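Hello,

Here is the structure I promised to pass on to you. Please open it alongside this note, and then read on for what turned up in it.

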Amino acid sequence: MRSQPNLPASQPAMDGSAAELEAAERVVMRWDSASAGAGADEPMLFDGAGDRAEADRFLRAVDDLRRLAPPSPAAVGSPRRLSSSSGSSSAAGSGAVQVAMARLEDEFRHVLSSRALDLEIEALADLSSLSINSDRSNSASSADLPSPAAAGGGGDEDDSVSASIGRRSSAAYRSLRSIREIDLLPDDAVADLRAIASRMAAAGYGRECAQVYASVRKPAVDASLRRLGVERLSIGDVQRLEWDALEAKIRRWIRAARAAVRGVFASERRLCFHIFHDLPISSTTISASAAAAPATHDTPFAEAVKGAALQLFGFAEAISIGRRSPEKLFKIIDLHDALSDLLPDVSDIFAASKAAESIYVQAVEIRSRLADAVRGILSEFENAVLRDPPKTAVPGGTIHPLTRYVMNYSSLICDYKVTLSELIISRPSASARLAAEGNELVPSLADLELPELENQLPLASHIVWIIVVLEHNLEGKAALYKDLALSHLFMMNNVHYIVHKVKDSPDLWGMIGDDYLKRLTGKFTMAATNYQRTSWLKILNCLRDEGLHVSGGFSSGISKSALRERFKSFNAAFEDAHRVQSGWCVPDNQLREELRISIAEKLLPAYRSFLGRFRHHIENGKHPELYIKYSVEDLEIAVGDFFEGVPPSPHNRRRSHG
């Protein structure tokens, strides 16, 4: 025991204080971990069961020591190191304080480690249902950054900030309704931790207490994120993944991020708040990673979750700076919207803390980079459509894969129109883009213009521009066909597909507007007309009267040789059309039938009339079957073979010349 100075008889109170101090020292020294030899079987004061009287007695002794023998600033440091160097034989007040702090440090670690509740990850995973983006029409607003106290999870009233509740002792602690805080330790364990932390902080050992907290909770947080499926991937690892694998990881990340932010991080912050709120933690930072910010009651929380949070958001960062390609657009929008949904929660959890606000700042920056990626990918997509080279003509003039891809892509763009309308704020510049691309698909490239439509959103302008450059590209591909009629059929098929994709999507129709749809419909009609004129004019000309008459009356002035040649020419032309065009393809059932009807309405009456006027001239001669090979019904059946994309079956044609 420390020697006591001689006191005058007039100071009896000091004798009482000395006795009180000595009694407190005896209580503390019984629990000297250094002298007792800490081990697995070492009894603990705060073991969560049994008699709590000894624990309460120990805390009262610590309070008495602090009151009667406060440590000097020079004595503050690691309680484990100082208590070991002082030795168990020291009964001085300051030495007893150090012993008490060492014991409390052990007790604090023990309670944190042994009393932790098993976190039900499955329950946390259900936090995905709290996303306000389950419907694309309710996509989060990303135009402005929410302030830390802003209401809304990206603009939904159900995510407004709620008032502080229940046992929280400060109105400064708030939670979003989207946050689901889970008890990480029982209430009595939290009360014990608070009691221990308050004694350590009051004695100048708040930093050491915070270090213990972070050392225990950090592995727990890391384990929770692993169970949620958050992988430890570097930026390089993410960028080397094949797209199919990356797409699946993005879906899992969105689910895991919601659970991590709204469950794990929110619960960790609440636990830290209940233990350390308003305690005087040392101004010395508790680790090198926190060197830029003074320690506060949020510092232990920041140290516990910062590594996990950086790992979590690092995945989204890797996506935001990765290679931009069209197939990534919609998953990146999903990622952007998920992050936008979470930002109010991230703000509420992290931004109020100087030690942790960098996590919120990082999330905001990542969302901004994701927005840049979205804009860049849309531009890349437009350029890719424009540049797609005309290599090989698709067989039969059917719908080109590029047309299907572009129109399905455009429909998906409209599914994401809420977010994209906020991110896409400028119209495409046709002249600048064409000059930059140096594309030479057709000589009319310089005449390619973006239609100016009234009150059109920038996003709508981009969709119209995509269709404009698709049409332009298709014209280059149509030029690959040697048969001009097939070239027109190709354009008819593809523009028809574009028109019907627009009509099938109210959002897409609303984006491009009625005026531009009418222009597309007109282009389809022109292509269909050009096909019929190019393909059937020569055949129908065989059924004209011109060139069959010789001088004299009509009934007696028919050149039979000319008539025979006319029938032979018609037969050859029709058979060639039948052979070739049966292999051509019109994939849309209704369009195929309408086209056959249109051909039949022109061909059959003309042939019926021609046959009625001239067949007797042939039938009265030799071998009429060589010239009149088809009846009207035969032709009607043969027309039914057209545009099937396969060669005609001979048995499908009946020959009749009787």
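Helices here are DSSP runs of H or I with at least four residues, strands are runs of E with at least two, and both are numbered from the N terminus. Counted that way, the protein has 22 helices and 2 strands. Please keep in mind that this is a predicted model.

First, the overall picture. The protein has 658 residues, and buried ones make up 51% of them. Among contacts between residues at least 6 apart in sequence, 80% join residues at least 24 apart.

If you select F265, you will find it in contact with V221, L225, A260, F301, V305, A308, A309, L312, I349 and F350, leaving aside neighbours within four places in sequence.

Helix 10 also holds A248. Its relative accessible area is 18%, and because buried means under 20%, A248 counts as buried. The C-alpha atom of A248 is separated by 9.6 Å from that of K331, although the two residues are 83 apart along the chain.

What does the side chain of E471 make a polar contact with? The partner is the side chain of Y516, at 2.7 Å. Not counting residues up to four places away in sequence, E471 touches M491, Y516, L520 and K523.

Helix 14 (residues 401-415) packs against helix 19 at an angle of about 90°, and their axes are 8 Å apart. Since angles from 65 to 115 degrees count as roughly perpendicular, that is the word for helix 14 relative to helix 19. On the helix 14 side the contact is made by M407, S410, S411 and C414, and on the helix 19 side by D507, L508 and M511.

Helix 19 (506-541) comes up again with helix 20, whose buried residues pack against helix 19, helix 21 (589-619) and helix 22 (632-639). Those buried residues of helix 20 are L563, R566, F567, F570, N571, A573, F574, A577, H578 and Q581. The length of helix 20 can be checked too: it has 22 residues (560-581), so at 1.5 Å a residue it should span 32 Å. The C-alpha atoms at its ends are 31 Å apart, which agrees.

Most residues other than glycine have a negative phi. D278 has a phi near 70°, a positive value in a residue other than glycine, and F643 likewise has a positive phi near 70°. Are these two residues buried or exposed? D278, in the loop between helix 10 and helix 11 (299-320), counts as exposed at 60% relative accessibility. F643, in the segment after helix 22, is buried, with a relative accessible area of 1%.

I hope this helps you find your way around.

Best wishes

Technical notes
Residues numbered from 1 in each chain as written. Heavy atoms only, no water. Expected span 1.5 Å × (residues − 1). Buried < 20%, exposed > 50% of the residue type's maximum accessible area, 1.4 Å probe, protein only. Contact = heavy atoms within 4.5 Å. Polar contact = N/O pair within 3.5 Å; in protein donor to acceptor, adjacent residues only side chain to side chain. Axes fitted to C-alpha atoms, helices over the stretch in contact; angles between N-to-C directions. Parallel < 35°, antiparallel > 145°, perpendicular 65-115°, else oblique.
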